[in-house]
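Reader: I am new to this structure and would like to learn how to read its features one at a time. Could we look at it together?

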Amino acid sequence: MHVVVCGALVEDGAVLLVHRSPTRRAYPDLWDLPGGHVEVGESELRALAREMHEELGVHIVAESSSRLGDLHAGSGEDAVHVGVWQIRDWVGCPTNRAPEEHDDIAWVGISELGGLPLVFGALPALLRSLPEPDRLPRRDEARTTASPSGP
C-alpha cells in the first residue's frame, strides 16, 4: 500500500488545487490537492511540510495543520491511502514549483469543486465539512498590506 499526504490550503472560502499533467501515469489530467508520497521513516506531517515546499514553495506552520480525513483508492499493490490535511497558515506565496507534475494551480471556491474533474470525488464533501471560521481569510504578515492613504 502506498501512503500519500495532501494539503488543503484554504483561504477566503477557496482551496488551492493543482492540475495533474496529462502525461502523468497516475490520475492524469485531473485536479487534486498538492501532496505526495510519505517516505520511509517520515511522519505524515513532515512529509506534508516537505511536499508543500517542493511543489508550491511554501512553508507550512505545523501547529496550524490538522488531519481532515482519509481517502482510499485502488486495490492490492496499487492501493493508495491518502491522509488529507487542512493547512490554516503558511509562509510564502504558492507557485507551481513542480511543472513536470502539474501544468496549472488555481484557487477554487469550495462551493465550485463539484464541477471539476477531481482525483477523488469525495473531496468536495470533505472540504465542505470545514467549520465556517476556517473559511475566513488568513491574517498574517505575508498577506497584510499597508493602507495607501497612510496614517
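Reader: Leaving aside its neighbours within four places in sequence, which residues is Pro22 in contact with?

Author: Contact means heavy atoms within 4.5 Å, and, once neighbours within four places in sequence are set aside, Pro22 is in contact with Pro28, Asp29 and Asp103. The C-alpha atoms of Pro22 and Asp103 are separated by 8.3 Å, although these residues are 81 apart along the chain. Pro22 lies in the loop between β2 (14-20) and β3 (31-32), where helices (H or I, at least four residues) and strands (E, at least two) are DSSP runs numbered from the N terminus. This is a predicted model, in which local features need pLDDT of at least 70 and side-chain atom pairs count only at pLDDT 80 or more, while totals for chains, interfaces and linings use all residues. Residues are numbered from 1 along each chain as its sequence is written, and side-chain values use heavy atoms, with hydrogens and water left out.

Reader: Which residues have the most contacts inside the largest nonpolar core?

Author: In soluble globular proteins, nonpolar side chains tend to be buried together. A nonpolar core is a set of buried Ala, Val, Leu, Ile, Met, Phe, Trp, Tyr and Cys residues joined through side-chain atoms within 4.5 Å. The largest one here has 23 residues, and those with the most contacts inside it are Val15, Leu17, Leu33, Val82, Val84, Leu113 and Leu127. Two or more residues each come from β1 (2-11), β2, β6 (65-73), β7 (80-87) and α2 (123-128), and β1 gives the most, with four residues. Apart from this core lies another, of 15 residues, among them Val38, Ala47, Leu56 and Trp90.

Reader: How many aromatic pairs does a search of the whole structure find?

Author: Rings of Phe, Tyr and Trp (its six-membered ring) pair if their centres lie within 6.5 Å; planes under 30 degrees apart count as stacked, over 60 as edge-to-face and the rest as tilted. The search finds two pairs. The rings of Tyr27 and Phe120 have centres 6.4 Å apart and planes at 40°, so this pair is tilted. Tyr27, at 32% relative accessibility, counts as partly exposed, whereas Phe120, at 13%, counts as buried. The rings of Trp90 and Trp107 have centres 6.1 Å apart and planes at 25°, so this pair is stacked.

Methods:
Buried < 20%, exposed > 50% of the residue type's maximum accessible area, 1.4 Å probe, protein only.
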